[in-house]
Every structure is written in structure tokens, then in C-alpha cells.
Amino acid sequence: MSLQNKKIFLSPPHMSGNEMTYIQDAFDTNWIAPLGPHVDAFEKELAAYVGVKDAAAVSSGTAAIHLALQLLDVKAGDTVFCSSFTFVASANPIVYCGARPVFIDSEPETWNMSPQALERALLDARREGQLPKAVIVVNLYGQSAKMDEIVQLCDGFDIPIIEDAAESLGSTYHGKASGSFGRFGVYSFNGNKIISTSGGGMLVSNDMEQLKRARFLATQARDQAAHYQHSQLGFNYRMSNVLAGIGRAQLEVLDERVQARRLICDRYQEALSSVPGIHFMPELANSRSNRWLTVLTIDEQEAGASVQEVFAALTAQNIEARPVWKPLHLQPLFEGAVFYPHQDKEMVSEQLFHKGLCLPSGSQMTEDDQFRVISCVKKSILQTIHSS
């Protein structure tokens, strides 16, 4: 296949080259099992990086959210508020617990949870006598939500926050690490994330006792006994020592990966911002997104081409793009769920869904790769304008 036709992936893994050092150590010491010295070290190193007291390495970001809900005693009959504009993994653990999700819309400046919608939902819940057990706030595509406003609201109602920072490791809000604002923070190391262990996640908190309990629950809730004894329901959620070694090497280059993706986003914006109808995901003042993915919207009336047509043009050129997340309140799985829009009749997440597109953003992208993407996007829009 020629370089002109090679596949450009959306967000492929990017190894540093030092991963094999840690993997070889795991093999040399025969720590080929869940837990081990690399797990312990990865937890300490990541906690230090994001500025929290402790971290628990687990099998996925989803597992980390589920554990956080378990620690907050979420059970059947409870409600949990959750961002609607996100991947389904943010909300599935609510259902695992038998609880009911209530979905909160986005707002335009961050595309993340709307404080206005959250406040209305909390006021309604208090009037109904059933405040949520938790609020799951998602930091989408690397951009932090308006955490000052959300924390103030949740503190006022004494509701704990689970900050789903699966996509935003390396991002900051007012100089503080994304994922460090809630009672619990969650990161993902899935294969497409800014750093990857192939599969894995991390639960972080300043409550060290709760994280000690998280580790207990994540190892099948095995009681202290010479024999295998279990008094509580547990889960098989711990990370392996081999994968943690990969994570340690990846964490060493996280700042470089953030810088690379921010430069890619800058190039896209420089080349495409003048194209009619293209508008990029904003970056909130006093925040710094890791730009995990560069995301834009296409206004069909301005551009003369729909987001579906641009997506099809990229696909035809062997370029992997992706529509933005379909809001969870529109998913068949959650049919009938309660949803709070940003403002009366203004459903920001739905508008973004109909117009949004994620461009290839892998930190290994070459300038030639980006030129191919930019050229394809421009051509698909400008040709439509010239032919009309």
C-alpha cells in the first residue's frame, strides 16, 4: 500500500520504547499475575502526577466507576446523575448497581455537564425527597467541565462527585489536574487513550481508607484468613503487574503525548478554522485540555455539506474519523430515562451529536498525515460550495 493510501487511525497506541524494560522485569521476577511491584509503583506514580493521596490500579475505567459507586453504597432504588454526552461506560456501572441514571445535558463552553441543568435536577430531586447518591461528571475529549460551579452545587446538596476523567489524563482546570476534584477520580488506559496499558484503569482519591476498601473489593473481597473466605460480594478488577509496567513507561512520556496532541489540534485549527461552517471544540479559559481528540462541528447551512458527507469523504480516503458520542438519553438502552436539558428546549448534546466529528489525533501523526486529513476535509466542503 502506498503512503498516500495508508490507513490513518483515529487514536492508535503510541509506545515509548521503554515498556519492554518493565515487561522484562516482570518476566525476570516471575510477577506474571494480578498485583505486584509495578502495580504498587504505578499507583504511587500516577497519584503523585495528578496530585492526590492514593490510587488503585484496576482492569478498566468502567471497573473504577463501578468501584466508586460501590464505595458510595449505591444500590437498587437509588438515583445517580450522569453526563449524557459521553460513552456508555460512564453510565453502565449505575445499572450494574441496580440504580437509575438521570442524565444531565452539556453546555456550549465545554460541551460537558451543564451547571444550570444540574442545579434544576438537584432542586427537583430535593423537592421529591430523593437526592442522588452521586453525580458522575465526564471530562469529554480531554476538556474539563466547569468544576468550580459543579463542585459548589454538589457541596451545597452534600452529594459526592465521581469525576470521569477517562479521556482527560494530563488536562488541567485552574492549574489542578483533571480527575482530582471529586470524591473519586477515574482514568482509562484503553488502547485508544492518551497513554495505554492495552486495557486498564485507575481509581484515585484523597480518601486513603476508601481506596484500601476499593482494593479489597477489586480482589474478590477476600477476607483476612489462611483459607479463602468471603463475607461480601467482590469483583475481579485488579490490574496485572505486566500491564502496570507498560503503564509506568507510558506515564513517563505523558507530557510529551499531551504536547503532541495539542500541536496536532493547533495545526487543524490553523488550517480549517477559515473553512465555512467549521467550528472547533472550545477550550475553557484557565483550563488546558490534553486534546485527546480534536473535535469539530460542521454547520451544514454554512458549509453546504453535512457532517455525514465529510465523514464519508474521509472514510473513502482510508482516514478513520468518528461521529461524536450519541447522548445517552437517546440510547435505546436508556429509553425513558429522565433528562435535564441545558436550558428550556435547548438540548446542547443533541445539537453537538448532529453536527460533531472527531478527527484523527494520534500523537504519532506526521505532518503528511495531517495534510491528508486537512485536504480531504477542505475538499469535501469547498467543492460543495463551488458546485452550488
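**Salt bridges and helix packing in a predicted model**

Asp73 and Lys75 form a salt bridge in which the closest N and O atoms are 3.5 Å apart; the term stands for a side-chain nitrogen of Lys or Arg within 4 Å of a carboxyl oxygen of Asp or Glu. The model is a predicted one, in which local features need pLDDT of at least 70 and side-chain atom pairs count only at pLDDT 80 or more, while totals for chains, interfaces and linings use all residues. Residues are numbered from 1 along each chain as its sequence is written, and side-chain values use heavy atoms, with hydrogens and water left out.

Side chains of opposite charge can pair when their charged atoms come close. The structure holds 11 salt bridges.

Glu107 pairs with Lys146 in another salt bridge, with 3.4 Å between the closest N and O atoms. Glu107 sits in the loop between strand S3 (100-104) and H5, and Lys146 in the loop between strand S4 (134-138) and H6, so this pair ties together parts that are 39 residues apart in sequence. Helices (H or I, at least four residues) and strands (E, at least two) are DSSP runs, numbered from the N terminus. Both Glu107 and Lys146 are buried.

A salt bridge also joins the side chains of Arg262 and Glu283 (2.6 Å, N to O). Because Arg262 belongs to helix H9 (residues 254-272) and Glu283 to the loop between strand S10 (278-280) and strand S11 (287-288), the pair ties together parts that are 21 residues apart in sequence. Arg262 counts as buried at 18% relative accessibility, whereas Glu283 is partly exposed at 30%. Shared partners link Glu43, Asp54, Arg215 and Arg238 into one network of salt bridges.

Attention now turns to the helices. The buried residues of helix H12 (residues 348-355) are Val348, Ser349 and Leu352. Seen down the axis of H12, these residues fall within an arc of 95 degrees, so they line one face of the helix; the arc is that of the directions from the helix axis to the C-beta atoms. An α-helix has 3.6 residues a turn, so residues three or four places apart point the same way. The cover over the buried residues of H12 includes strand S12 (294-298), strand S14 (339-340) and strand S15 (356-359), with contact meaning heavy atoms within 4.5 Å.

Terms used: Buried < 20%, exposed > 50% of the residue type's maximum accessible area, 1.4 Å probe, protein only.
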